[in-house]
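Take a look at the model below and turn it around a few times. Then we'll walk through it piece by piece.

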Amino acid sequence: MKWKGRRQSDNVEDRRGMSGGGKAIAGGGIIGIVILLLNVFGGENAQMITPILEQMNQGQSAPTEQRALTAKEKEEQEFVKTILADNEDVWTKIFAENNLTYQKPKIILFEGSVQTACGGATSASGPFYCPGDQKVYMDLKFFKELKTKFGAQGGDFATAYVIAHEIGHHVQTLLGTSAKMRKMQEGKSKAEANKLSVALELQADFYAGLWTNYNQKMNHVLEIGDIDEALSAAHAVGDDAIQSKMQGHIVPESFTHGTSEQRKYWFLKGYNSGDIKQGNTFDEIR
């Protein structure tokens, strides 16, 4: 992906190297991996596992020392700032086309653990969006896990896809989609409520594809293999792929994020159509 030499957003706060505060919650080992798999790209559901983790890790203090960022970390920060700037520009344009005003979110880079308006979280939660403070939280070590543990190709555009997916959840908050989904879940069975959660996640994938379409037209950033990187990441975090990997069988009624094929389909639909009106996942997956 071509990203150097372009505008960088001021809405990135890099807390890496800073003291975490509170309790550090272990994300390593099989428990951390399972939780990471279950909550990857978790949207507004990522915080549900935090109380369980805190009970399991009581007494483990977060590191208090500070350190300087490495050259690699500084480059990662610049990349995230550039991708967020691209999201700001694209969504400002899309909202304006629909007579709306886009409100910019922030991205918080952290390591280990972090406190949010949605509660405490750790690296094990994977990247997530908190509607309470309209911020995306990311531990960039996740992307190594995405490649080594999940079997994704990796690459910078896989990271860009994940960021765009989380910004998609911000768009859903601004448009009222998330609130409507929660209202629709009231009184539903767990299986029916899960279907609505899947629709929300797939729409965020659609928005990531839509962003890719606009960003390519505006900045000509794509290189050979970039779309394949995004599709590989989407495939790796499909509910069916995760369940097959972790438990040897799949339970469709427990899906909350969509299958690998669904996630790829909706990303490509956003990318190929370039039309926000084609992203009504709630009607199409019922």
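Are Y161 and F267 buried or exposed? Both of them are buried, where buried means under 20% relative accessible area, exposed means over 50%, and partly exposed is in between (1.4 Å probe, protein chains only). Before going further, keep in mind that this is a predicted model: local features need pLDDT of at least 70, side-chain atom pairs count only at pLDDT 80 or more, and totals for chains, interfaces and linings use all residues. Residues are numbered from 1 along each chain as its sequence is written, and side-chain values use heavy atoms, with hydrogens and water left out.

Back to the rings. Searching the whole structure turns up eleven aromatic pairs; rings of Phe, Tyr and Trp (its six-membered ring) pair if their centres lie within 6.5 Å, and planes under 30 degrees apart count as stacked, over 60 as edge-to-face and the rest as tilted. Y161 and F267 make an edge-to-face pair, with 5.6 Å from centre to centre and 85 degrees between the planes. Y161 sits in helix α5 (residues 156–175) and F267 in helix α10 (residues 260–273), so this pair ties together parts that are 106 residues apart in sequence. Helices here are DSSP runs of H or I with at least four residues, strands are runs of E with at least two, and both are numbered from the N terminus. There is also an aromatic cluster made up of W91, F95, Y102, F206, Y207, Y265 and W266.

Now for helix α7 (residues 190–219). At 1.5 Å a residue, its 30 residues should span 44 Å, and its end C-alpha atoms are 43 Å apart, which agrees; the expected span is 1.5 Å times one less than the number of residues. This helix is mostly covered, with 22 of its 30 residues buried. Inside α7, K195 and E192 lie three residues apart, about one turn of the helix. They form a salt bridge whose closest N and O atoms are 3.5 Å apart, a salt bridge being a side-chain nitrogen of Lys or Arg within 4 Å of a carboxyl oxygen of Asp or Glu. K195 is partly exposed at 44% relative accessible area, and E192 is partly exposed too, at 35%.

Most residues other than glycine have a negative phi. H220 belongs to the loop between α7 and α8 (226–236) and is exposed, with a relative accessible area of 52%. N99 is another non-glycine residue with a positive phi, about 60 degrees. You'll find N99 in the loop between α3 (71–97) and β2 (106–109), where it is exposed with a relative accessible area of 75%.

How many salt bridges does the structure hold? The count is 15. One of them joins the side chains of D86 and R6, at 2.6 Å from N to O. D86 is in helix α3 and R6 in the segment before β1 (12–14), so the pair links parts that are 80 residues apart in sequence. D86 is buried, at 2% relative accessible area, whereas R6 counts as partly exposed at 21%. R16 and E76 form a salt bridge too, their closest N and O atoms 2.7 Å apart. Here R16 comes from the loop between β1 and α1 (29–39) and E76 from helix α3, so the parts tied together are 60 residues apart in sequence. R16 is buried at 6%, and E76 is partly exposed at 25%. Elsewhere on the list, R67, E73, E111 and K141 are linked in a network of salt bridges.

Last stop: the strands. Strands β3 (residues 113–116) and β4 (residues 119–122) run antiparallel, joined by four bridges; two strands pair if DSSP finds at least two bridges between them. A hairpin of two residues connects β3 to β4, and Q115 stands opposite G120 in β4.

The loop between β3 and β4 holds C118 while C130 is in strand β5 (residues 128–130), so their pairing ties together parts that are twelve residues apart in sequence. The link is right-handed, with 100 degrees about the S-S bond. C118 is partly exposed, at 28% relative accessible area, but C130 counts as buried at 0%.

Note on methods. A disulfide is a pair of cysteine sulfur atoms within 2.5 Å.
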